[in-house]
Amino acid sequence: MSGPIDFTALEAHLTPKRLRHSLAVTALCLRLNERYRLGLADDDLQAVGLGHDIARSWSEERLRSYIVKHEIALYPGEEAVVDLLHAPVGAHLLKTMGYNKDVVQAIRYHTLGSIEMGALGFVLFASDYLDPNRTFLTEEDRKTLLEEPTIEALVFRILERNVRYLDAEGKQIFEPTRELLAVLGGK
């Protein structure tokens with residue numbers, strides 16, 4: 001499938017606040033693609049921006065039921081973190097809607113980070129983190145992060161921040177996150 005997600009279908013899955021976030025992420029995806037001259041298709045950027053949180057407002061019961069019904073593979077321990085479950089579910093939903101592998105992989109790994117997510121996933125990962133509507137970052141932090149010379153460097157800086165936060169909170173750091181951090185840190 002090409003083209004952005006139909007707003008009518010999207011609005012059926014997102015709260016107004018989540019829709020605002022998704023629109024902001026989409027705009028940032030397009031901006032980062034241009035900033036880093038990645039040459040990614042606008043349709044794919046719009047699909048990941050608008051679709052990444054398609055299942056974010058689902059109840060825990062609905063997410064878990066969908067995962068079981070569709071036999072979606074999770075990483076060890078991922079099932080215990082409800083806030084992560086919307087990513088594999090959202091990826092599966094977009095796959096069933098006919099979106100390409102790059103879009104599906106980007107959405108699957110937008111919460112964890114992974115070497116499997118590709119450039120499209122890097123753009124989504126960074127855009128989701130840098131959404132101007134998020135309050136955990138100051139404008140100065142955003143500006144500093146956006147000065148990174150490559151999308152890989154930007155994702156690496158965000159991953160470093162995430163891992164520091166997760167460590168401080170005593171939360172699990174999943175293997176795909178560790179692997180991506182190691183790969184990007186070695187560049």
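**Close-up views of a predicted all-helix model**

**View 1. A charged side chain lies against an aromatic ring at W58.** The charged end of R62 sits over the ring of W58, at 3.7 Å from the centre of that ring. The model shown here and in the views below is a predicted one. W58 also takes part in a ring pair with Y66. The centres of these two rings are 5.5 Å apart and their planes meet at 70 degrees, so the pair is classed as edge-to-face. Both partners, W58 and Y66, are buried.

**View 2. Y129 and F136 form an aromatic pair.** A search of the whole structure finds three aromatic pairs, and the one between Y129 and F136 is edge-to-face. Their ring centres lie 5.1 Å from each other, with 65 degrees between the planes.

**View 3. The charged end of R108 sits over the ring of Y109.** In this arrangement the charged end of R108 is 5.2 Å from the centre of the Y109 ring.

**View 4. S127 is a buried residue of helix 7.** S127 is located in helix 7. Its relative accessibility is 0%, and S127 therefore counts as buried. Which residues does S127 touch, leaving aside those up to four places away in sequence? The contacts are V25, L28, C29 and L32.

**View 5. Helix 3 is mostly covered.** Helix 3 comprises residues 42–51, and seven of its 10 residues are buried. The buried residues are D44, L45, A47, V48, G49, L50 and G51.

**View 6. Helix 9 spans residues 151–169.** This helix has 19 residues and reaches 27 Å from its first C-alpha to its last, close to the 27 Å expected at 1.5 Å a residue. The residues of helix 9 that are buried are I151, A153, L154, V155, F156, I158, L159, V163 and L166. What covers these buried residues of helix 9? The cover includes helix 2 (16–35), helix 7 (118–130), helix 8 (139–145) and helix 10 (175–185). After helix 9 comes G170, which has a positive phi near 70 degrees.

**View 7. The whole chain provides the setting for the close-up views.** The protein contains 10 helices and zero strands, and its elements run α-α-α-α-α-α-α-α-α-α from the N terminus on. The C-alpha trace spans about 40 × 35 × 30 Å along its principal axes. For 187 residues, a compact globule would have a radius of gyration near 16 Å, and the protein agrees with this, at 16 Å. Of the 187 residues, 48% are buried. When contacts between residues at least 6 apart in sequence are considered, 63% join residues at least 24 apart.

Technical notes
Residues are numbered from 1 along each chain as its sequence is written. This is a predicted model: local features need pLDDT of at least 70, side-chain atom pairs count only at pLDDT 80 or more; totals for chains, interfaces and linings use all residues. Side-chain values use heavy atoms; hydrogens and water are left out. Buried means under 20% relative accessible area, exposed over 50%, partly exposed in between (1.4 Å probe, protein chains only). Helices (H or I, at least four residues) and strands (E, at least two) are DSSP runs, numbered from the N terminus. Rings of Phe, Tyr and Trp (its six-membered ring) pair if their centres lie within 6.5 Å; planes under 30 degrees apart count as stacked, over 60 as edge-to-face and the rest as tilted. A charge sits over a ring if NZ of Lys or CZ of Arg is within 6 Å of the ring centre and within 35 degrees of the ring normal. The expected span of a helix is 1.5 Å times one less than its number of residues. Contact means heavy atoms within 4.5 Å. The radius of gyration is taken over C-alpha atoms; the globule rule is 2.2 Å times the number of residues to the power 0.38.
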